[in-house]
Amino acid sequence: MAPRNRKTQGLTTHLVFAIAAAALGSSFQHGYNTGVVNAPQDLVQSFINETYRHKYDEYPSESLVTLIFSIMVSIFCLGGMIGALGTAFLAERFGRRGGLLINNAMVFVAAALVGFSKMARSYEMLIVGRFAIGLNSGLNAGLAPMYLTEISPVHLRGAVGTIYQLIIAFSILVSQILGLPEILGTEDGWPILFGLTIVPSIFMLVTLPLCPESPKYILINRGKDVAAQKALTWFRGTDDVHYEMDDMRAEFEEMKLIPKVTLKEMWTNIVLRKPLIIAVVIMLSQQLSGINAVIFYSTDIFQNAGLQKEAAIYATLGMGTINVLMTIVSMVLVERAGRKTLHLTGLAGMMIITLLLTICLALTPSAPWLSYVSIVCIIGFIVMFASGPGSIPWFLVTELFGQGPRPIATSIAVAVNWMANFVVSLAFLPLTEVIGEYTFLIFTVLLATFWLFTYNRVPETKGRTVEEITAIFREKSTN
Ligand SMILES: *[C@@H]1O[C@H](CO)[C@@H](O)[C@H](O)[C@H]1NC(C)=O
């Protein structure tokens, strides 16, 4: 029986260092490569145009250039999906930290391919490189939140988990700033802009080897008690880690009795199926909220409101900044208000805003001043997204499962996230061509559904140990 008054230990220098080492080097790839393709779109398209002509001795049609460019953009998500599926294997075989370190090999391959594509006059290299960095990002999205939540003390787990999304938001902003025409958004600059993705990888390779593997992995997966205690002592900055070690030992003993979790069992065993469905739906609620659609549409909306192209670029940077700041607020709130409350608040806010936005966009032709209300809607949407739905899904999945099923569950949930991202990015434009601004109503309906699901099914995980959380699902299924 775990004691009620657990000693709460704070944020030690070692823990902060490990968080920075693991998160900066991993989620940066995810965010940076999501954002980096936007600013230099025209430059890359004219590169595709020229390269094609050089190869086939004729200019490609405009639709062919657009097609090649869209393949280059979206193959990143496809790579992410496949990479996510590999998370379980790497996390089990090499550990969380080990997996993160190995994964950097992919960054070197990708950076070389995209960085030298122009020199080699090959847009194929650009496409393969984007696929490789997608694989890397998909693996990161599973491995990093797993490592972060496993090394954190219970009372900081959510705040630390939020850091994954914080760095995504931050690195999207960095990619947009570096992509400005004054910096690297130039004909010669864009290959460097793409290749810079190697920098956070080098940072991780220098810093993460200095940090221990997740103590939970060392003990529960590898059965090494002394080594686990040593690692935990390093993270906590004190020898007084008995309570935590006892919790982990209890989980270890329990694990010995359970056979290895298989993919099939994730579905047939109701104790695992319930949290799996929750994890998948929460991931869907992040991507099918329409965040990428709103960001995509925002440039049009800013321009319709009379902003010049130049000003619209800065408006985009402003949105990125709001996203970063609001994610910091969410990091502070997540251990106070709780995951469920924040997620519900965010979803509700986004739902109302998509409705307002649809009305504004539909009425703008007769009342042009409404375009300013649309801008307020866009900002409100970002604020609501960042308050919870942006960050919570990434780590909630790792909180819902014990050590055994965690890697497989993370693999599935993160792959679903990338798949949903892929689907929205492919389907949104064709949809707006058919039903125009009413596309946002689809998101209103989806958000309402996700809100109801979260309200009824998702348990609050704040301040609970993994054992206490998994017990919720055991109790529910025996009743
Ligand atoms: C490709 O480049 C040529 C020459 O600069 C230009 O006339 C043509 O419009 C370009 N095609 C596309 C699809 O951008």
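Over the ring of which residue does the charged end of Arg 273 sit? The charged end of Arg 273 sits over the ring of Trp 267, at 5.2 Å from its centre; this term requires NZ of Lys or CZ of Arg within 6 Å of the ring centre and within 35 degrees of the ring normal. The model is predicted: local features need pLDDT of at least 70, side-chain atom pairs count only at pLDDT 80 or more, and totals for chains, interfaces and linings use all residues. Residues are numbered from 1 along each chain as its sequence is written, and side-chain values use heavy atoms, with hydrogens and water left out.

**Aromatic pairs**

- A search of the whole structure finds 11 aromatic pairs, a pair being rings of Phe, Tyr and Trp (its six-membered ring) with centres within 6.5 Å; planes under 30 degrees apart count as stacked, over 60 as edge-to-face and the rest as tilted.
- The pair of Trp 234 and Phe 235 is edge-to-face, because the ring centres are 5.2 Å apart and the planes stand at 90°.
- Phe 235 is buried, with a relative accessible area of 1%, whereas Trp 234 is partly exposed at 22% (buried is under 20% relative accessible area, exposed over 50%, partly exposed in between, with a 1.4 Å probe and protein chains only).
- The pair of Phe 440 and Phe 443 is tilted, because the planes lie at 50°, with ring centres 6.3 Å apart.
- Both Phe 440 and Phe 443 are buried, and they lie three residues apart, about one turn, in helix α20 (residues 439-457); helices are DSSP runs (H or I, at least four residues) numbered from the N terminus.
- One aromatic cluster is formed by Phe 47, Trp 190 and Phe 194.

**Arg 93**

- Arg 93 belongs to helix α3 (residues 62-93) and is partly exposed, with a relative accessible area of 48%.
- The charged end of Arg 93 sits over the ring of Phe 94, 5.1 Å from its centre.
- Arg 93 and Asn 221 are 128 residues apart along the chain, and their C-alpha atoms are separated by 9.5 Å.

**Ligand surroundings**

- Asn 49, Tyr 59, Glu 62 and Val 65 surround the ligand, each with a heavy atom within 4 Å of it.
- By class, this shell has two nonpolar, one polar and one charged residues (Ala, Val, Leu, Ile, Met, Phe, Trp, Tyr, Cys and Pro count as nonpolar, Asp, Glu, Lys and Arg as charged, and the others, Gly among them, as polar).

Conventions. Helix = DSSP H or I, 4+ residues; strand = E, 2+ residues; numbered from the N terminus.
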